[in-house]
Structures are given as C-alpha cells and as structure tokens.
Amino acid sequence: MSEEGTKSKRADARRNEKTLLDAAAAVFVTSGVEAPVRDIAAKAGVGMGTIYRHFPTRADLIVAVYRHQVDACAEAGPELLASSDSPYEALRRWIDLFVDFLVTKHGLAAVLQSDNAGFETLHAYFLDTLLPVCARLLDAAAEAGEIRSDLEALEVMRGVGNLCIGAESDPRYNARKMVGVLIAGLRT
C-alpha cells in the first residue's frame with residue numbers, strides 16, 4: 001500500500017473511532033454508562049464486533065469516551081477564544097461544553113471502582129488537560145476587564161463540577177441554570 005493510502009486509511013480509522021466515541025457519549029448521556037453495547041453500535045452505525053475490536057471491555061470504552069471528551073473540551077477553548085465576540089463569551093461557551101462533558105462523566109467512578117489507579121490516572125489527565133485551557137480563558141477575560149481577576153481555574157472548574165452533582169438524578173434541579181449564575185457572578 002502506498003504511503004498516501006496508509007495515511008488515508010489512518011484518517012478513516014480515526015474518523016470511525018471518533019464517530020463511535022461520539023455515539024457512545026450520546027448514549028451514555030441518555031441511558032448511562034451501563035447502556036447496552038448494541039445501542040451504541042446502532043447509534044454509531046457499526047456492528048457490535050467493531051466496538052469490541054476497538055474496546056474489548058466496557059471499561060475500555062468508557063475510558064476512551066472520557067479521554068475523547070476531555071480532548072474535545074480542551075480543543076474547543078482556543079477555538080472559542082478565536083471565534084467569540086469577547087473572551088467572556090468564549091469562557092461562558094466553554095463552561096457550557098464543560099457542563100456537557102460532566103454529564104457524560106457520571107457513572108465513570110462506579111465502573112472503575114475496582115481500578116483506583118486507573119481512575120486516578122484519568123483524573124490527572126482531566127486536570128492536566130483542562131486546567132490550562134480554563135486558566136487561559138479566565139486570564140483572557142480578566143485582561144479584557146470582563147471578569148474579576150482573583151480566581152483560579154481549579155476553583156472555577158470545581159465550582160462548576162459541584163453544581164452539576166446530582167443533576168442527572170433530580171429532574172427538578174437545573175444545573176445549567178445554576179452554573180449560569182456562577183459564571184455571571186464572575187463579571188466585574
């Protein structure tokens with residue numbers, strides 16, 4: 001196979017894996033991380049064998065979805081900063097994506113309960129990847145005079161995360177509304 005053929009095959013494989021991970025994340029949001037693999041396969045438009053070939057266990061799939069979502073959230077930060085009307089708007093839109101990510105994360109701890117080291121590795125990946133993005137957005141909005149300048153990225157992310165706890169099990173609680181109040185409170 002030519003080098004060009006190999007590159008396009010790798011690009012196709014990456015696209016296929018992204019489609020599969022996006023489908024799994026969507027199913028996890030609506031049905032939880034214990035959703036049947038056949039539902040994920042149907043959403044992705046692939047056979048169950050394809051999923052098992054890429055992800056031999058449910059934990060492998062969940063970890064891959066988690067990492068995929070962290071990466072997508074991280075990549076969105078600079079894109080939003082470049083395309084939004086203001087740094088504050090970029091921060092607000094990024095926090096919305098972060099809330100979406102947190103929704104897909106629910107249930108991860110239960111699945112990885114027996115693998116504490118694996119969970120700690122994922123948590124470190126989460127912090128190492130997302131904290132710098134949040135810090136950059138906070139700094140840009142603070143430098144523009146749009147928000148207060150005395151907050152750390154960890155404080156904001158932890159506050160958002162804490163506001164999302166329990167939202168999946170109580171339909172009367174609107175975490176996104178409460179996060180909106182928090183983010184509005186950052187304004188100067």
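Which charged end sits over the ring of Y125? The charged end of R67 does, 3.8 Å from the ring centre. This is a predicted model, in which local features need pLDDT of at least 70, side-chain atom pairs count only at pLDDT 80 or more, and totals for chains, interfaces and linings use all residues. Residues are numbered from 1 along each chain as its sequence is written, and side-chain values use heavy atoms, with hydrogens and water left out.

**Charges over rings**

- A charge sits over a ring if NZ of Lys or CZ of Arg is within 6 Å of the ring centre and within 35 degrees of the ring normal.
- R187 lies over the face of Y88, 4.0 Å from the ring centre.

**Nonpolar cores**

- A nonpolar core is a set of buried Ala, Val, Leu, Ile, Met, Phe, Trp, Tyr and Cys residues joined through side-chain atoms within 4.5 Å; buried means under 20% relative accessible area, with a 1.4 Å probe and protein chains only.
- The largest nonpolar core has 34 residues, of which W94, I95, F98, F126, L130, L138 and V160 touch the most other members.
- Two or more residues of this core come from each of α4 (58-83), α5 (87-105), α7 (116-143), α8 (153-164) and α9 (175-184); helices are DSSP runs of H or I, at least four residues long, numbered from the N terminus.
- Another core lies apart from it and has 17 residues, including L21, V27, F28 and L61.
- Leaving out residues up to four places away in sequence, I95 touches V156, V160, V179 and I183, where contact means heavy atoms within 4.5 Å.

**Aromatic pairs**

- Rings of Phe, Tyr and Trp (its six-membered ring) pair if their centres lie within 6.5 Å, and planes under 30 degrees apart count as stacked; the count by this rule is 6 aromatic pairs.
- W94 and F98 form a stacked pair, 5.6 Å centre to centre with 5° between the planes.
- Both residues of that pair lie in helix α5, 4 residues apart, about one turn of the helix.
- W94 is buried at 0% relative accessibility, and F98 is buried at 1%.
- F98 and F101 are also stacked, because their ring centres are 6.4 Å apart and their planes are at 20°.
- F101 is buried, with a relative accessible area of 3%.
- Ring pairs link Y66, W94, F98, F101 and F126 into a cluster.

**Cysteines**

- A disulfide is a pair of cysteine sulfur atoms within 2.5 Å, and the count by this rule is 0.
- The sulfur of C73 is 9.1 Å from the closest cysteine sulfur, in C134, so the two are too far apart for a bond.
- C73 is buried at 4% relative accessibility, and C134 is buried at 0%.

Definitions and conventions: Buried < 20%, exposed > 50% of the residue type's maximum accessible area, 1.4 Å probe, protein only. Phe/Tyr/Trp six-rings, centres within 6.5 Å; stacked < 30°, edge-to-face > 60°.
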